[in-house]
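User: I would like to learn how to read the features of a model like this. Please give the general idea each time, then the case at hand.

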Amino acid sequence: VSSNEHMQQLLSFHSVSRYDKGYLLAFEQDIPITALQNGLIVFTGHTKYAGKTISVLYDEGTSVTYGYVDQLSLLPYTSVAKGDVLAIKEVGELYIQIEQRGKLLNLEQTLEWLKQQI
């Protein structure tokens with residue numbers, strides 16, 4: 001499976017709902033969470049609002065946080081290239097929060113940004 005197919009799987013959610021400062025995307029199958037651009041892992045760990053979490057800061061300045069992941073693949077301060085597997089999300093809800101230029105993206109902006117990465 002190519003990395004582009006992995007990226008497309010991120011948009012294969014069947015429902016979305018607002019949660020905390022981001023959104024919950026619900027999936028009916030396991031998906032790999034891959035780097036959408038080159039960047040740096042800035043956080044891996046557990047947060048009270050999103051469980052097992054990974055955050056990546058992409059070279060162009062966008063920060064993306066994924067929560068409720070099931071397996072983390074990388075440690076903090078690891079450089080990543082587009083297509084690298086960051087984590088695995090099993091069936092269920094994935095938290096996503098995207099920040100650009102100090103502002104959180106709304107749902108429409110989040111989905112548009114994700115589509116632009118594919």
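Analyst: Start with salt bridges. Side chains of opposite charge can pair when their charged atoms come close. The rule here asks for a side-chain nitrogen of Lys or Arg within 4 Å of a carboxyl oxygen of Asp or Glu, and by that rule the count is one salt bridge. This is a predicted model, in which local features need pLDDT of at least 70 and side-chain atom pairs count only at pLDDT 80 or more, while totals for chains, interfaces and linings use all residues. Residues are numbered from 1 along each chain as its sequence is written, and side-chain values use heavy atoms, with hydrogens and water left out.

User: Which side chains meet in the salt bridge, and which parts does the pair tie together?

Analyst: Aspartate 70 and lysine 89 meet, at 3.3 Å from N to O. Aspartate 70 is in the loop between strand E6 (63-67) and E7, and lysine 89 is in strand E9, so the pair ties together parts 19 residues apart in sequence. Strands (E, at least two residues) and helices (H or I, at least four) are DSSP runs, numbered from the N terminus.

User: Is lysine 89 buried or exposed?

Analyst: The scale is relative accessible area: buried is under 20%, exposed is over 50%, and partly exposed is in between (1.4 Å probe, protein chains only). Lysine 89, at 5%, is buried.

User: How many bridges join E3 and E9, and which residues face each other?

Analyst: E3 and E9 (residues 85-89) pair over four bridges. Isoleucine 33 has alanine 87 as its bridge partner in E9, and proline 32 stands opposite isoleucine 88. On the E7 side, the antiparallel pairing with E9 has two bridges, and leucine 72 stands opposite alanine 87. As for the side chains of E3, Ile31 and Ile33 point one way, Pro32 and Thr34 point the other way, and all are buried.

User: What should I look for in a helix?

Analyst: An α-helix has 3.6 residues a turn, so residues three or four places apart point the same way. In helix H2 (residues 107-117), Thr110, Leu111, Trp113, Leu114 and Gln117 are buried. They cover an arc of only 160° around the axis, which puts them on the same side of H2; the arc is that of the directions from the helix axis to the C-beta atoms. Glu108, Lys115 and Gln116, on the other side of H2, are exposed.

User: What happens at the start of H2?

Analyst: A side-chain oxygen of asparagine 106 comes to within 3.1 Å of the backbone nitrogen of glutamate 108. For another kind of pair, take the side chains of glutamine 100 and threonine 62, which are joined by a polar contact of 3.1 Å. A polar contact is a pair of N or O atoms within 3.5 Å; within protein, one must be able to donate a hydrogen and the other to accept it, and residues adjacent in sequence count only if both atoms are side-chain atoms. Glutamine 100 belongs to strand E10 (residues 92-100) and is buried, at 18%.

User: Which residues make the nonpolar surface patch?

Analyst: Patches take residues with over 30% relative accessible area and no salt bridge; like charges are joined within 9 Å and nonpolar side chains (Val, Leu, Ile, Met, Phe, Trp, Tyr) within 5 Å. Areas come from the Shrake-Rupley method with a 1.4 Å probe, and for residues only the protein chains shown count as cover. Leu40, Val42, Phe43, Leu57 and Tyr77 make a patch of about 430 Å². Strand E4 (residues 39-47) gives the largest share, three residues.

User: Where is tyrosine 77, and what is its phi?

Analyst: Tyrosine 77 is in the loop between E7 and strand E8 (79-80), and is exposed at 64%. Its phi is positive, about 65°, although tyrosine 77 is not a glycine. Tyrosine 68, in the loop between E6 and E7, also has a positive phi, near 60°, and is partly exposed at 29%.

Key
Pairing = 2+ DSSP bridges.
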